[in-house]
Amino acid sequence: MNLLETLKEFKKIQPDSDFSENSRRAILACTLNERLSPRRFFARSLAVAGSLVMAGALIFIIAGGLSATDLAPQFSSIDPAALRAEAQAIDTQISLLNVDYTEIASTEPVAIGSKKLNQFVTIKSASSSMAIGAASSTPTSTMSVDEILQGLSQ
Amino acid sequence: MIDGEEKLIQDAVQEGDSSAFGKLYDHYQPMIYRFVLVKVSRREEAEDIAHQVFLQAWQNIRTYRHRGYPFSSWLYRIARNQVIDYYRARKDDAPLEAADAEGIFHQTDQPDMSLQMDMERVMSAIHRLKPDYQDVVIFRFIEDLSIRETADAMHKTEGAVKLIQHRAIEELKRKIHESS
């Protein structure tokens, strides 16, 4: 065997053409690694630092950091006690309106035509009379509570 | 070296011209593939490594600096490192001697069975050489690189390459004789 001649035969080895084509396509489809020049490196660093500062500021604001500084907006004119009193006043007005409505509804049931409701109104009137009678100490002319409930259930 | 190689390299390096790199790939890929195949003796793994070599070369093409060495020296250096990484990664899997050369010469369409068997014996013997000896045998006697190109690819002096070449051939003959 001639060693050098045999070694020359190795040069006939070729890669598979399909592999070569696929490999070539895959490699050239890949993006290049960027080589950063000093100027580009500085610009990139600046951009990263700016992003970090912005993110930090955002987190600081979200975490309520402004309240601890003079930058916080002043809300001293808003008095929580006054707000509470105002809210209670509104509730009171609503209650009074309801009371008015209830009184009107109990004294003027004219628009209601239902037999049951008429009966209810009659019973309610009777109960009012009962209350009045109770106040005037005449218990014999009043209806019992059971009778009133029975009337309502009918 | 191919015609207009310097221009192709310049286009690839400075402009990231993929078509220029594609032409370099077409020219150098078979050489790199053979180098890796002789080193690892397995076709599929040689394909994977060769792919990695060119992928790494392309992704880092902008770092390439022409210092008077041929472009192939740069590729061979990447290939050598890839082969070293390959053996380092599979150190625990199988010893180097376990790789056999059988079956990788079908693609040469070599009709001469006697020659094919000789090639397998030589391949097996190369595989048992030290890495530096393997490299010199491949560069000098398979790829026909000059002493200078071989020295560039191996990061050695020309004198060192001549010495390694002499020892490598003696060692290769001895191993072939032992195996027969």
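Predicted model: local features only at pLDDT ≥ 70, side-chain atom pairs only at ≥ 80, totals over all residues.
The expected span of a helix is 1.5 Å times one less than its number of residues.

**View 1. Helix α3 of chain B, end to end.** α3(B) runs for 17 residues. From its first C-alpha to its last it reaches 24 Å, close to the 24 Å expected at 1.5 Å a residue. Look along the helix for its buried residues: B:A46, B:I49, B:A50, B:H51, B:V53, B:F54, B:A57 and B:W58. An α-helix has 3.6 residues a turn, so residues three or four places apart point the same way. The cover over the buried residues of α3(B) includes α2 (17-29) of chain A, along with α2 and α4 (71-89) of chain B.

**View 2. Helices α1 and α2 of chain B where they pack.** Helix α1 (residues 5-15) of chain B packs against α2(B) at an angle of about 130°, and their axes are 8 Å apart. α1(B) and α2(B) are therefore oblique to each other, and their crossing is left-handed. From α1(B), B:L8, B:D11 and B:A12 meet B:A20, B:F21, B:K23 and B:L24 of α2(B). Sorted by class, the residues of this contact are five nonpolar, no polar and two charged.

**View 3. Helices α5 and α8 of chain B where they cross.** Here the axes of helix α5 (residues 113-127) of chain B and helix α8 (residues 158-179) of chain B come within 9 Å, crossing at roughly 120°. That angle makes α5(B) oblique to α8(B). The crossing of α5(B) past α8(B) is right-handed.

**View 4. The side of chain B that touches chain A.** Chain B brings 32 residues to the contact, and chain A brings 23 residues. On the side of chain B, the elements giving two or more residues are α2 (18-40), α3 (43-59), α5, α6 (131-142) and α8. Which of these gives the largest share? That is α2(B), with 10 residues. By class, the side of chain B that touches chain A has 17 nonpolar, 10 polar and five charged residues.

How values were computed. Residues numbered from 1 in each chain as written. Chains lettered and ligands numbered in written order. Axes fitted to C-alpha atoms, helices over the stretch in contact; angles between N-to-C directions. Helix = DSSP H or I, 4+ residues; strand = E, 2+ residues; numbered from the N terminus. Parallel < 35°, antiparallel > 145°, perpendicular 65-115°, else oblique. Left-handed = near helix turned anticlockwise from the far one by under 90°. Contact = placed C-beta atoms within 7 Å. Nonpolar A, V, L, I, M, F, W, Y, C, P; charged D, E, K, R; others polar. Buried ≥ 20, exposed ≤ 12 C-beta atoms within 10 Å, placed from the backbone.
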